[in-house]
Amino acid sequence: QLQLVESGGGLVQPGGSLRLSCAASGKGLDYNAIGWFRQAPGKEREGISCISASGSNANYADSVQGRFTITRDTAKNAVYLQMNSLKPEDTAVYHCVASPGGLSTSSDDYAYWGQGTQVTVSS
């Protein structure tokens, strides 16, 4: 089974930066897309950014475009999310996700989910 483990969350002031990491391991490392969703209290899960397994194609939610950057390390089966110019509304639990299919903004298309890492943006 594919396992996803996130790290890098924490508390940061508005305007600050964080870099999230996700390591994929286990059997069935045949995913075609990997990325990040987030969920804040009282809100539905929001697709933030996804990238193809090769790292050649990526997309971003409008809410983070221009501020967040997703990258891949195929040799390490890892994905990263560089988050800059953080805002209080970015506060959420960020989940690493992977799909055997292609890039998608729908949570239903992702079969594998990490436990999440908390990101809190506050003064």
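Student: How many aromatic pairs does the structure hold?

Tutor: The structure holds two aromatic pairs, where rings of Phe, Tyr and Trp (its six-membered ring) pair if their centres lie within 6.5 Å, and planes under 30 degrees apart count as stacked, over 60 as edge-to-face and the rest as tilted. The rings of Phe37 and Tyr110 have centres 5.5 Å apart and planes at 65 degrees, so this pair is edge-to-face. This is a predicted model, in which local features need pLDDT of at least 70 and side-chain atom pairs count only at pLDDT 80 or more, while totals for chains, interfaces and linings use all residues. Residues are numbered from 1 along each chain as its sequence is written, and side-chain values use heavy atoms, with hydrogens and water left out.

Student: Which aromatic pair is tilted?

Tutor: Phe37 and Trp113 form the tilted pair, at 5.3 Å centre to centre with 55 degrees between the planes.

Student: Is Trp113 buried, partly exposed or exposed?

Tutor: Buried means under 20% relative accessible area, exposed over 50%, and partly exposed in between (1.4 Å probe, protein chains only). Trp113, with a relative accessible area of 24%, is partly exposed, whereas Phe37 counts as buried at 1%, and Tyr110 is buried as well.

Student: Which charged ends sit over the rings of Tyr80 and Trp113?

Tutor: A charge sits over a ring if NZ of Lys or CZ of Arg is within 6 Å of the ring centre and within 35 degrees of the ring normal. The charged end of Arg45 sits over the ring of Trp113, 4.2 Å from its centre, and that of Arg19 sits over the ring of Tyr80, 4.1 Å from its centre.
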